[in-house]
Amino acid sequence: MKLLLVEDDNRVAAALSAVLKRHGFDVTHVRSGAEALQELLVGGGEGAGYAVVLLDLGLPDQDGFEVCGRIRRTSATPVIMVTARADVRSRIHGLNLGADDYVVKPYDMGELLARIHAVSRRSAGEDGQSTGEHPLPGRNGTEQPGTIHLGAVIIELPTRTVSVDGAPVALTRKEFDLLALLAQRPGVVFRREQIISEVWRTSWEGTGRTLEVHVASLRSKLQRPTLIETVRGVGYRMAAQGV
């Protein structure tokens, strides 16, 4: 996976690049907004084949917000803002400009890797391409890409349909997005802030109650109150075994 790292601090970039390369990424590092735009929009066009852009906001030649806006006007390449600006206003501004995610320094490397894979997977899915995920086995043991089985709950990602014990269950768009996010990684804990960012494309501020309501609605509609587990003080996870 090709990744463009836009970071003016060479020491930070070197350390991050080393870790990303160990995880299989093909990393290109640039130090300024102009270099980033040249690489993405001029050098090859159409995002130059990059799967994700990690964009620092404090660049020497122009603000990262401006760079993100220019990228988004001409390219659908996913952008993750990686910055020390932790205030809610900056988060909201970045997401409104079209950033796919917003990560505050210092960050946990495992979380950053998970977010990179999440936005690249989502982007690939929106383009109708393979997400790179291993297909999940169906009831009869055959491989059915895009189908997730959680006990009696069956989630069809391509058609955005859900059934329980063979009966269809009507979900809202956000309910399905939330269910699909958790179901693709059973047993993995998703922080509340991460869920809000990926499903609602906004910040946690003022949206917490909405998440709780959607989780409660899913539990009720699926008639599986223990399928989505609450991790107190952290977030939610899909039960590792279908309930």
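Reader: Hi! What should I know about the model and its numbering before we start?

Author: This is a predicted model, where local features need pLDDT of at least 70 and side-chain atom pairs count only at pLDDT 80 or more, while totals for chains, interfaces and linings use all residues. Residues are numbered from 1 along each chain as its sequence is written, and side-chain values use heavy atoms, with hydrogens and water left out.

Reader: Great. Which strands form the open sheet, and in what order?

Author: The open sheet has 4 strands in the order 6-7-8-9, with antiparallel pairing. Strands here are DSSP runs of E with at least two residues, helices are runs of H or I with at least four residues, and both are numbered from the N terminus. Two strands pair if DSSP finds at least two bridges between them.

Reader: And what holds paired strands together in general?

Author: Strands of a sheet pair through backbone hydrogen bonds, in a parallel or an antiparallel way.

Reader: Which ones are the edge strands here?

Author: Strand 6 and strand 9, as each of them pairs on one side only. From one strand to the next, the twist averages 25 degrees. Strand 6 and strand 7 share 4 bridges in the antiparallel sense, and Ile155 in strand 7 is the bridge partner of Ile148.

Reader: What lies across those strands?

Author: Helix 6 lies across strand 6, strand 7 and strand 8, and runs at about 105 degrees to strand 7. For that angle, axes are lines fitted to C-alpha atoms, for helices over the stretch in contact, and angles run from 0 to 180 degrees between N-to-C directions.

Reader: Is helix 6 mostly enclosed or open, and why?

Author: It is largely enclosed by the rest of the structure, because 8 of its 11 residues (residues 173–183) are buried. Buried means under 20% relative accessible area, exposed means over 50%, and partly exposed is in between (1.4 Å probe, protein chains only). Among the buried residues of helix 6 are Phe176, Leu179 and Ala183.

Reader: How many residues are in the largest nonpolar core?

Author: That core has 28 residues, and Ile155, Val162 and Ile195 have the most contacts inside it. A nonpolar core is a set of buried Ala, Val, Leu, Ile, Met, Phe, Trp, Tyr and Cys residues joined through side-chain atoms within 4.5 Å.

Reader: Which element gives the most to it?

Author: Helix 6, with 7 residues.

Reader: Back to Ile155. What is it in contact with?

Author: Leaving aside neighbours within four places in sequence, the contacts of Ile155 include Ile148, Val162, Phe176, Leu179 and Ala183. Contact means heavy atoms within 4.5 Å.

Reader: What about Met238, is it buried or exposed?

Author: Met238 is buried, at 0% relative accessibility, and lies in strand 12. Again leaving aside neighbours within four places in sequence, Met238 is in contact with residues including Leu150, Leu179, Leu182 and Ala183.

Reader: New topic! How many salt bridges does the structure hold?

Author: There are 12 salt bridges. A salt bridge is a side-chain nitrogen of Lys or Arg within 4 Å of a carboxyl oxygen of Asp or Glu. One of them joins the side chains of Lys105 and Asp56 at 3.5 Å, N to O. That pair links distant parts of the chain, 49 residues apart.

Reader: Is Asp56 buried or exposed?

Author: Asp56 is buried, with a relative accessible area of 7%, whereas Lys105 is partly exposed at 25%.

Reader: Where do Asp100 and Arg72 lie?

Author: Their side chains also meet in a salt bridge, at 3.1 Å, N to O. Asp100 lies in the loop between helix 4 and strand 5 and Arg72 in helix 3, so the pair ties together parts that are 28 residues apart in sequence.

Reader: Which residues are linked in a network of salt bridges?

Author: Asp101, Glu111, Arg115, Arg191 and Glu193.

Reader: Last one: where is Thr83?

Author: Thr83 is in strand 4 and is buried, with a relative accessible area of 2%.
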